[in-house]
Amino acid sequence: MCVVTGVSTNLNRRTRLLLKILALSDVAVYRTRAERLHNDMFVFLTDASKVYCDHFSSELQEVVEKHNIDLPFTHLGPKVLIFHETQYTEPLGASEEVLEGTEEMVSLSDDVADREILQRFLALGEYPKAFSKIRYIGIKSGTEPTDFSALTRVIKEELGGNNARNRKPLTLIMESLRVLNSKFNNTLTQKALSTFSDDFFRCPQMCLSCKQQCSLSVSHGGRHTLTEKYCRYQHAFKNRIFICAHCYNAGTRREVRPKSFEDSETPFSGYVKMAWSGYVIECDECGVIYRSRQYWFGNKPPEQESVRTEIVHVWPGEEAKPENTARFLLDQLYVISETIGQYGAGPTQVMTDWLNDQVAPAYWVPNHLVASCHACKVQFVPLAKKHHCRACGQGFCSECSSKSKPVPWRGWGDTPVRVCDRCFLSTDKQLEEDFCTEDFTTWKVTECLKTAASVVKTIAVDVPAGIVTDSARPDYWIPDVDIVECYQCKGAVPDKHHCRSCGQGFCDACTQDRKCVPDRGWDYAVRVCDTCSLMLQ
């Protein structure tokens with residue numbers, strides 16, 4: 001038994017002391033004379049349980065371990081007896097049990113009452129787990145004085161029954177009370193705390209990243225606000241912003257964002273420039289303050305020299321849409337390129353063959369007369385590549401003219417050049433019978449120019465195109481280097497395509513459908529895989 005003496009006029013202090021005594025008790029009795037059990041009792045017990053778990057449990061566990069008492073956390077809390085006395089209504093789960101000397105209706109925690117008490121707690125969203133047991137005792141007194149015999153009998157059962165834990169030693173109670181008083185002894189204001197929760201009037205919207213509730217009133221105007229609450233970064237919301245460091249040091253908070261090119265540049269030139277020098281961060285006041293690949297090596301991240309980083313809250317309806325402008329531009333360029341290639345390839349090939357014939361040696365068969373391979377007789381399809389043997393001058397396919405050997409008697413010098421299979425196996429003496437002394441300078445210059453143009457195309461066009469494509473890749477796309485097979489059919493992917501919905505890599509056959517993907521920022525029909533196409537219907 002614990003006796004508390006003294007009177008305090010500070011109601012808040014008395015309430016805190018009551019919670020301490022409740023935490024140290026073996027049995028706590030909650031008495032109510034209401035005709036119906038109101039939510040006040042359930043809210044009080046739930047709040048008391050939360051205080052016990054949040055503030056008292058660790059200190060009490062240390063005291064118990066110090067006294068070598070082996071009790072789990074769920075058995076440290078008190079047993080709560082709800083003593084419900086009514087005058088006109090029947091108690092929960094009332095049964096016709098008549099006690100000696102009384103005419104009262106008594107409910108001794110039968111299954112019906114226990115289930116109703118449990119449902120009431122669960123309806124509030126939380127069960128008071130700090131209490132080792134909750135038991136209901138209900139009586140109907142009518143106009144007679146209160147009879148505590150049923151309550152007394154239950155208390156004796158709980159304190160002395162075989163299924164009940166032993167009582168806490170007095171030394172343990174005093175030590176626990178001393179520990180709680182030493183920790184929670186700060187001065188409390190005498191001002192009565194509000195009985196109305198802020199949740200009645202606060203805006204219900206919560207930050208999608210940190211799950212904190214807006215601190216403004218319901219139906220407020222403008223943006224949501226959280227006072228003295230820091231947010232956490234989540235890549236899905238991209239809620240990290242940059243502040244220009246120079247402007248911040250000058251007393252102005254100016255937000256800046258990474259972008260593909262400067263405002264003064266056109267999209268095409270900007271993306272080409274981005275392929276070499278990376279993205280930029282441009283301030284309205286200071287101009288370009290950062291470029292990601294300004295130097296060949298040793299580029300520092302923007303946080304170290306140009307910007308300050310802040311993590312901002314993300315509210316419903318303010319989620320950042322994916323930025324697909326760069327990819328959209330590349331898609332349009334590919335469409336134009338394919339169209340030009342489709343309708344312009346024929347005339348271009350004809351013009352190329354005519355130019356080659358003008359500078360070709362006299363013993364070469366003209367391109368317009370080469371309808372099939374001279375060796376395997378396979379017909380050349382339109383736009384097929386034709387090769388001439390430098391020894392005999394006939395036209396061949398690439399398979400029949402893959403060998404190389406010097407042909408000095410044709411004026412090609414000692415450098416190995418393309419020859420057909422028959423001339424490769426022929427002796428030099430047999431080939432010298434057709435020796436020609438004409439000048440091949442024009443054709444040699446032409447071949448050098450074609451070789452140089454091919455190298456320039458690879459270095460200056462193909463490589464930057466790959467860099468631009470990778471730079472314009474949305475964050476959720478799988479990088480091209482990681483695509484080794486089609487994600488759906490597991491086949492080879494000579495031409496890699498990305499599904500605009502899931503971002504995986506597919507072959508052309510598995511990405512024939514076109515659908516709008518607004519969740520990913522694609523408001524027009526774009527390439528999607530077969531699986532995502534069915535989901536988007």
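The expected span of a helix is 1.5 Å times one less than its number of residues; helices (H or I, at least four residues) and strands (E, at least two) are DSSP runs numbered from the N terminus. The model is predicted: local features need pLDDT of at least 70, side-chain atom pairs count only at pLDDT 80 or more, and totals for chains, interfaces and linings use all residues. Residues are numbered from 1 along each chain as its sequence is written, and side-chain values use heavy atoms, leaving out hydrogens and water.

**Exercise 1.** Compare the reach of α5 with its expected span, then state what its buried residues pack against.

*Solution.* Step 1: α5 has 14 residues and spans 20 Å from first to last C-alpha, close to the expected 20 Å. Step 2: its buried residues (under 20% relative accessible area, 1.4 Å probe, protein chains only) include L172, I173 and S176. Step 3: the buried residues of α5 pack against α1 and α2, contact being heavy atoms within 4.5 Å.

**Exercise 2.** Identify the residues that line the largest cavity.

*Solution.* Step 1: the lining consists of A23, L24, Y52, L60, V64, L76, K168, L172, I173 and S176, lining residues being those with an atom within 4 Å of a cavity point on a 1 Å grid, where a 1.4 Å probe fits but cannot get out. Step 2: α1 (11-24), α2 (39-66) and α5 (170-183) each give two or more residues to this lining.

**Exercise 3.** Determine the strand order of the open sheet and its edges.

*Solution.* Step 1: the order is β7-β8-β9, with antiparallel pairing; strands pair if DSSP finds at least two bridges between them. Step 2: β7 (258-259) and β9 (287-291) are the edge strands. Step 3: four bridges join β8 (residues 280-283) to β9, and V280 has R291 as its bridge partner in β9.

Note on methods:
On a 1 Å grid over the protein atoms alone, a cavity is a set of points where a 1.4 Å probe fits but cannot get out, and a pocket is an open set with protein on both sides within 12 Å along at least five of seven lines; lining residues have an atom within 4 Å of a point. Buried means under 20% relative accessible area, exposed over 50%, partly exposed in between (1.4 Å probe, protein chains only).
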